[in-house]
Amino acid sequence: MRLRVNLVMGGALFALAVGAAVLAPLIATHHPFLDANLMNSELPPGSEYLLGTDKQGRDIYSRIVWGAQISLMVGVVSQLINTVIGTMLGLTGGYWGGKWDDFVSGLTNLMLSIPSLIFALAIIAVLGRGLMSLLIALGLTNWSFTCRIARASALSLKSQGYVQAAKTLGYSDMRIMLTQLLPNMVGPIIVIGTLGMGGAILAEAALSFLGLGVQPPWPSWGSMLSDARDAIITGQVWIPLFPGLAIFFTVLGLNLLGDGLRDVLDPQSKVRSA
Amino acid sequence: MNVGAPLLEVVDLRIDLADAGLRHAAVEGVSFSIPRGETFGLVGESGCGKSITALAVMGLLRPPLAIGAGRILLEGREIQALPQSGLKRLRGRRIAMIFQEPMTALNPLSSVGRQIAEMFVLHEGAGWRQAQDKAVEALRMVRVPSPERRAKDYPHQLSGGMRQRVMIAIALACRPALLVADEPTTALDVTVQSEIIDLMQELCAEKGTAILMISHDLGLVARMCRRVAVMYAGRLVEERAAHDVFRAPSHPYTQGLVASMPRLGARAAHGRNRLQEIKGVVPSIAAYPPGCRFHPRCGSASDVCRKVPPEQTGIEGGGTVCCYHHA
């Protein structure tokens with residue numbers, strides 16, 4: 001099979017972010033906040049502080065590496081919740097149809113009509129700040145796309161011959177959904193899930209920027225950007241630049257990865273390679 | 001359970017098609033019965049209602065189609081009266097189905113061995129390991145070469161004939177009493193067709209499985225079936241022993257069908273220049289004519305045919321026909 005540029009590049013960027021998160025304790029040169037030293041505040045990138053320091057004199061490189069843990073965890077976990085909710089609702093709605101489908105479709109449209117960030121804000125307002133409520137808030141607000149995809153796939157798949165055949169062979173609804181429908185719709189769901197992960201990382205950044213995400217002193221890329229607001233004006237460009245680049249490249253990587261997966265999982269290309 | 005009772009009995013079946021508030025009878029007054037182990041043919045043109053009759057037998061009609069009247073009895077039990085769970089227990093175990101398109105009737109993402117094995121797990125409570133072994137046996141039974149290796153193949157790696165063999169293996173896995181075969185060979189080429197038919201008959205005879213053979217291939221039905229029912233526009237027009245139907249068709253429609261079968265060398269013998277046809281087209285479900293539904297295309301139609309639908313009448317040598325002017 002032809003090597004796909006977007007798949008390889010996206011995979012590499014994502015692997016870089018995951019690698020940084022996993023190896024954070026080993027590759028960080030400083031502690032993300034305990035090594036703060038106001039004497040070294042706002043130093044430009046150099047040999048001691050690879051990417052410079054922030055206002056409190058914390059090493060930006062170390063904070064980005066540690067922040068990768070939180071940003072990626074938020075991205076992966078919240079998108080996992082979204083995928084599970086969306087797939088379950090879409091699959092059952094599309095397969096069973098009727099009143100339940102009307103309900104699912106209505107709920108999906110409702111979710112699509114509410115800006116998800118505002119909804120997440122509301123959930124955090126109810127649950128209180130913190131990592132847990134951030135995960136829940138982002139996990140409950142972004143499943144509508146997955147749900148639509150799953151529902152559309154279920155609708156088209158349920159008229160397929162093998163699904164009809166499974167019915168004549170006495171399969172239960174659950175068994176049909178799990179063994180006949182789900183494996184055949186997993187491709188697009190993975191693609192949407194990967195793309196959504198990038199969105200979730202951005203949403204985490206936005207919420208942290210507003211001070212509603214991960215609580216200081218633990219770093220997340222969004223909160224680092226948020227802390228660097230003043231530096232944007234006063235000219236210490238490196239303070240917002242590097243966390244911004246980390247977000248940029250990770251989300252870019254996830255989008256490329258999602259794109260690449262879409263190409264690979266496309267049934268047409270599968271037929272060609274088979 | 002009544003021992004003398006036929007395996008499947010369909011009594012005065014009507015299937016309604018709901019269409020924007022109107023109800024059309026897509027199938028009406030259909031009655032037939034299939035004894036244990038016998039092969040019964042249901043023939044007719046596309047759209048005459050044979051496939052939905054089969055679906056009704058499976059208990060699988062979905063809106064807008066629904067059973068409007070009549071009874072379907074499998075081994076003396078009325079199918080409509082069963083709850084969904086009871087129907088599911090029946091399907092695959094007592095009654096199974098083979099479809100026209102072996103290309104689409106198998107799950108593309110699952111190996112064929114697994115798909116056969118699933119039947120044993122589902123209906124016989126076998127463990128997966130044991131079910132896999134039985135699946136290989138089942139593949140051997142339908143004469144798939146090197147079944148151990150084939151069991152690991154995915155449907156796209158198999159030819160159409162092989163896939164239909166796999167379908168037969170799945171359908172017969174749990175020794176059902178009735179196999180509904182909805183045009184099982186239409187999508188296959190001719191040489192493979194006869195292999196598949198022979199295989200199906202042989203295996204069913206071995207297991208004592210009756211076959212409801214749905215087809216528009218008269219030659220196939222003549223070869224396979226003991227009894228044949230001919231359907232036209234949602235009604236049975238003739239139901240007799242297969243031999244009689246083809247030797248001396250009684251209903252004008254059947255006569256037309258039999259006359260339109262191409263025969264090797266027939267041109268020379270009968271001095272015909274072209275293949276016989278039945279004039280006209282099948283009426284649409286929404287516009288079935290009153291009286292006998294065949295009368296607009298029938299050469300011997302009279303006034304009564306245009307007004308009153310004919311009743312089933314018995315004919316010599318057993319069987320029934322629905323015609324005022326039957327031969």
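Two strands are taken to pair if DSSP finds at least two bridges between them, and helices (H or I, at least four residues) and strands (E, at least two) are DSSP runs, numbered from the N terminus. With that in hand, a friendly place to start is Asp16(B), which stands opposite Ala25(B) in strand 2 of chain B. The structure is a predicted model, in which local features need pLDDT of at least 70 and side-chain atom pairs count only at pLDDT 80 or more, while totals for chains, interfaces and linings use all residues. Residues are numbered from 1 along each chain as its sequence is written, and chains are lettered from A and ligands numbered from 1 in the order in which they are written.

Strand 1 of chain B, residues 8–19, pairs with strand 2 of chain B in the antiparallel sense over nine bridges. Another residue of this region, Ile15(B), stands opposite Val27(B) in strand 2 of chain B. Two residues lie between the strands of this hairpin, where Ala20(B) takes a positive phi near 50 degrees.

Contact here requires that the C-beta atoms of two residues, placed from the backbone, lie within 7 Å. Within helix 1 of chain B, Lys50(B), Thr53(B), Ala54(B), Ala56(B), Val57(B) and Met58(B) are buried. A residue is called buried if 20 or more other C-beta atoms lie within 10 Å of its own, exposed if 12 or fewer, and partly exposed in between, with C-beta atoms placed from the backbone. After helix 1 of chain B comes Gly59(B), with a positive phi near 70 degrees.

Strand 3 of chain B (residues 39–43) is largely enclosed by the rest of the structure, because five of its five residues are buried. In a regular strand the side chains alternate between the two faces of the sheet. Thr39(B), Gly41(B) and Val43(B) point one way from strand 3 of chain B, and Phe40(B) and Leu42(B) point the other way. Strand 3 of chain B pairs in the parallel sense with strand 8 (residues 210–215) of chain B over five bridges, and Thr39(B) has Ile211(B) of strand 8 as its bridge partner. A parallel pairing also joins strand 3 to strand 9 (residues 227–232) of chain B, over four bridges; there Val43(B) has Val230(B) as its bridge partner.

Leu212(B), leaving aside neighbours within four places in sequence, is in contact with residues including Phe40(B), Leu42(B), Ala54(B) and Val57(B). Leu212(B) and Ile116(B) have the most contacts inside the largest nonpolar core, which has 158 residues. Such a core is a set of buried Ala, Val, Leu, Ile, Met, Phe, Trp, Tyr and Cys residues joined through C-beta atoms within 7 Å. Helix 9 of chain A gives the most to this core, with 15 residues.

As a whole, chain B has twelve helices and twelve strands, and 43% of its 327 residues count as buried. Its C-alpha trace spans about 70 × 50 × 40 Å along the principal axes. Residues 24 or more positions apart account for 64% of the contacts in chain B with a separation of 6 or more.

Elsewhere in chain B, Thr313(B) is found in strand 11 (residues 313–314). Thr313(B) counts as partly exposed because it has 13 C-beta neighbours inside 10 Å. Not counting residues up to four places away in sequence, Thr313(B) touches Thr320(B) and Val321(B).

The contact between the chains takes 14 residues from chain A and 21 residues from chain B. On the chain A side, helix 8 (161–168) and helix 9 (173–209) are the elements that give two or more residues. Helix 8 of chain A gives the most to this side, with five residues.
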